[in-house]
Amino acid sequence: MLLKRLIVCLDVRNGRVTKGVRFQGNVDVGDPVEMAARYCAEGADELVFYDITASAERRRCDLDMVARAARALSVPFTVGGGIRGVEDMRAALLAGADKVSLNSLAVDNPAILAEGARAFGRQCVVLGMDARRVEPSEAIPSGYEVVVRGGRQPTGRDAVAWAREAVDLGAGEICLNAIDTDGVREGYELTLTRLVSDAVGVPVIASGGAGAPRHLVDVLTEGHADAALVASMVHTMGYTCPGIKRDLRAAGIPVR
């Protein structure tokens, strides 16, 4: 049986980890590399760094932070934000990242997924997807629309159809963030996660809404996710990676 993964996400702005609700009201919670090293030592299976303002500020992701993280960590980590093409992907990977997450860029230029997979292998290419519940329509039959630019811009794309297309192009993993539950701490969006997980043959990471270990249990079982991403739970709510994993094991979920 494949082991489920616990992944800690660190949203980074101006060199500091920040956390908000539905991408708003962000507050400073610490140094990204110091926090990541602690989570690594505590048993996080992977880490994700999102430079949340790099794209809006039209700059490359913080390669110095990536290099510092690579020196400090012994688990795989993904970086996203400020990736404008294959050369930026190459720079992030050479700086020490194991994977690169593509979100708005992939929607604007889907061919980047194929280009990245050809250049570095699909295992390095993560589709970052933000989606929001909408009224089902002919264009969006699942009832979940892909949004970009930090959830501010609708795309008219159906989330399930986009997941399938992205995997066909070369995405080796999907990090699926539900805007409706992001930072709310009342549980993941189980229906969206299950629809996408069942539609593709690559791992799906559930993101957005974790507030208690039972939420991870739900999304890893009912949501059919391969991994669960947490942020606030370990940043500010007092939960720890070992404690979360104990609760997952107690619920019969196989973890490291």
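Buried here means under 20% relative accessible area, with exposed being over 50% and partly exposed in between (1.4 Å probe, protein chains only).

A word on the model: it is predicted, so local features need pLDDT of at least 70, side-chain atom pairs count only at pLDDT 80 or more, and totals for chains, interfaces and linings use all residues. Numbering starts from 1 along each chain as its sequence is written, and side-chain values use heavy atoms, with hydrogens and water left out.

**Ser197 and its surroundings**

Ser197 sits in helix H7 (residues 190-199); helices (H or I, at least four residues) and strands (E, at least two) are DSSP runs numbered from the N terminus. Its side chain reaches the backbone oxygen of His224 at 3.4 Å. Leaving aside neighbours within four places in sequence, Ser197 is in contact with Val204, Gly223, His224 and Ala225, contact being heavy atoms within 4.5 Å.

**The cores**

A nonpolar core is a set of buried Ala, Val, Leu, Ile, Met, Phe, Trp, Tyr and Cys residues joined through side-chain atoms within 4.5 Å. The largest one has 76 residues, and those with the most contacts inside it are Leu47, Phe49, Leu102, Ile174 and Leu216. Helix H6 (residues 159-169) gives the largest share, six residues. A second, separate core has ten residues, including Val48, Tyr50, Cys175 and Ala227. Beyond its neighbours within four places in sequence, Ile174 touches a set of residues that includes Leu127, Ala163, Val167 and Ile205.

H2 (residues 63-72) and H3 (residues 86-95) pack at about 35°, their axes 8 Å apart. Those axes are lines fitted to C-alpha atoms over the stretch in contact, and angles run from 0 to 180 degrees between N-to-C directions. Leu63, Val66, Ala67 and Ala70 of H2 meet Ala91, Ala92 and Ala95 of H3. At the start of H2, Asp62 caps the N-terminal end, with a side-chain oxygen 3.2 Å from the backbone nitrogen of Asp64. The buried residues of H2 are packed against strand E1 (5-13), helix H1 (32-42), strand E4 (46-51), strand E5 (77-80) and H3.

Val86 and Ala119 are 33 residues apart in sequence but 8.0 Å apart in space, C-alpha to C-alpha. Val86 counts as buried because its relative accessible area is 18%.

In H5 (residues 111-120), the buried residues are Ile112, Leu113, Ala114, Gly116, Ala117 and Phe120. Just after H5, Gly121 takes a positive phi of about 95°.

**Cysteines**

With a disulfide taken as a pair of cysteine sulfur atoms within 2.5 Å, the count is zero.

| Cysteine | Closest cysteine sulfur | Sulfur distance |
|---|---|---|
| Cys175 | Cys9 | 7.0 Å |
| Cys241 | Cys40 | 9.6 Å |

Cys175 is buried at 5% relative accessible area, and Cys241 is buried at 0%.

Key. Polar contact = N/O pair within 3.5 Å; in protein donor to acceptor, adjacent residues only side chain to side chain.
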